[in-house]
Amino acid sequence: MSDLMPKEWILGKASDFVVSPKNDIVDGPFGSNLKASEYQLSGTPIIRLQNIKRLHFINKNIKYVSNEKAVELSRHSYKKGDIVITKLGDPLGLACIIPENFQDGIIVADLVRLRINDLAFDKRYLTYLLNSPLVISQLNKHIKGTTRPRINLGIIRDLNLPIASISEQKIIAEKLDTLLAQVDSTKARLKQIPQILKRFRQAVLTIAINGKLTEIFRVQNKLKDNWVEMPLERLACSDKYSLGIGPFGSNLKVEDYREEGHPLIFVRDIRACSFSNSETRYIDSSKFEELKAHRAKPGDLLITKMGDPPGDAAIYPSDCEEAVITADCIKLRVANELALSKFILFTIMSNEFREKVIEISAGVAQQKVNLKNFKKLQLNIPPLPEQAEIVRRVEQLFTYADTIEKQVNNALTRVNNLTQSILAKAFRGELTAQWRAENPELINGENSAAALLEKIKAERATSSGKKAARKKA
């Protein structure tokens, strides 16, 4: 590690950043000393694992203990400006500074509180350092456990950390404040784009089902505006069982499930315009025959009759074998002489149709659609040539949106990696190389990192000597 540092820096331990390692780097109370049953709605605030993210404190779901309990656990206390580190989780080693509005409180067992020596170190420098690849790689070597990865307190106290002069620490922290704020801003803008694309897709569906998308097409092809309103049940083909729901609960039970055989279709498999049943279950041939009224064939429309909200739809893919839908699914086999399945899919997925579905839904925890009411919902159906043109144009526009979304996701991945890249550069001294060249007096002699560390060690030795003398007396 030392060969990657500037020659003006030195290698120290995390314990060098504090006055008293045993008192200033501590973890939370042992499990039985602080139980969830002692949590209250007011009193002294507790900081838990869920409140700590990398470089960010999450002020949500704060729990409390009585002030008396806080006094009992005072060794595990924190105050504003302390650094808190997670020693459990995946990933672990997340660190942030406790904000100003949290004056004091208690940490739980899964956290470590580090109280920095403010006279010698910049807490922002150390917080950035604790979240850098330099520290993450060290922690990963000492992880214990597989289901719940963890590290012990001693590992954090013994971390190898580069120490720069106090002046350079402040410059590094300022540069990282600026650069990472720009990264966060870029990330926030990128995260907005999927929602913009979602609204774009819905806008496309709206103009598709109200005829505006194909206005010019009708003029060019001398078509009349002869769209016809008809109930959804009329669009079902003449095949027996072409419109229906999954079997009633007692007709298909969990004990009927198998690891192989004929596939089942669950609500979870049906998402907006897409179908995936990679984790499906199966039934045997006798059950499959018994439930023939509930079978779905490739090309059938699948709709969720339960959800928040219900009404997601997808087309059962052509490369799938015949399956049985489960209780909270609806299947529709479209009459080809009346409509195209994809046109009906786009209509069902439009906000205008989804609102109709919500109106006929009932339930508290989760809304459900009554099939009898669902079959009566009206759809506006154009002639088949116009349906085909609508499908072509919607798919073209959706492909365009999908391409943008993929590019955004790739960019977001690069931006997420950028934070760690910047932190790595910072603690190799690359962000402040020019500053060191321009300010030699602030990194050498009595202002050097080496002098700083020697001063801290001397003060600690003096302090320990005084404590020993008092104890003897």
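Here is a chat that walks through this model.

Me: What kind of model is it?
Reply: It is a predicted model.

Me: How many helices and strands are in the protein chain?
Reply: The protein chain has 14 helices and 27 strands.

Me: And is the chain spread out or compact?
Reply: Its radius of gyration is 32 Å, well over the 23 Å that the globule rule gives for 473 residues, so the protein chain is more spread out than a compact globule. Along the principal axes, the C-alpha atoms fill a box of roughly 100 × 55 × 40 Å.

Me: What share of the residues is buried?
Reply: Buried residues make up 46% of the 473 in the protein chain.

Me: And what part of the contacts comes from residues 24 or more positions apart?
Reply: Counting contacts with a separation of 6 or more, 77% are between residues 24 or more positions apart.

Me: What classes of residue line the pocket?
Reply: The lining has 10 nonpolar, 3 polar and 7 charged residues.

Me: Which residues line the largest cavity?
Reply: Ile85, Gly93, Leu130, Val135, Leu139, Ile156 and Leu159 do. By class, that lining has 6 nonpolar residues, 1 polar residue and no charged ones.

Me: Switching to cysteines, how many disulfides does the structure hold?
Reply: It holds 0 disulfides. Take Cys237, which is in no disulfide: the nearest cysteine sulfur belongs to Cys329 and is 19 Å away. A disulfide needs sulfur atoms within 2.5 Å.

Me: Is Cys237 buried or exposed?
Reply: Buried, because its relative accessible area is 16% and the cut-off for buried is under 20%. Cys96 is buried as well, at 1% relative accessibility.

Me: Now the backbone. Which residues does a cis peptide bond join near omega 5°?
Reply: Asp90 and Pro91 are joined by one, with omega about 5°. Pro91 sits in the loop between strand S8 (83-86) and strand S9 (95-97).

Me: And what is the peptide bond from Asp308 to Pro309 like?
Reply: That bond is cis, with omega near -5°. Pro309 is in the loop between strand S21 (306-307) and strand S22 (313-315).

Me: Last topic: what is the phi of Asn61?
Reply: Near 50°, a positive value in a residue other than glycine. Asn61 lies in the loop between strand S5 (56-57) and strand S6 (63-65), and it counts as exposed at 54% relative accessibility.

Me: What about Lys222, buried or exposed?
Reply: Exposed, at 76% relative accessibility. Lys222 has a positive phi of about 50° although it is not a glycine, and it is found in the loop between helix H7 (215-220) and strand S13 (228-231).

Conventions
Residues are numbered from 1 along each chain as its sequence is written. This is a predicted model: local features need pLDDT of at least 70, side-chain atom pairs count only at pLDDT 80 or more; totals for chains, interfaces and linings use all residues. Side-chain values use heavy atoms; hydrogens and water are left out. Buried means under 20% relative accessible area, exposed over 50%, partly exposed in between (1.4 Å probe, protein chains only). Ala, Val, Leu, Ile, Met, Phe, Trp, Tyr, Cys and Pro count as nonpolar, Asp, Glu, Lys and Arg as charged, and the others, Gly among them, as polar. Helices (H or I, at least four residues) and strands (E, at least two) are DSSP runs, numbered from the N terminus. The radius of gyration is taken over C-alpha atoms; the globule rule is 2.2 Å times the number of residues to the power 0.38. Contact means heavy atoms within 4.5 Å. On a 1 Å grid over the protein atoms alone, a cavity is a set of points where a 1.4 Å probe fits but cannot get out, and a pocket is an open set with protein on both sides within 12 Å along at least five of seven lines; lining residues have an atom within 4 Å of a point.
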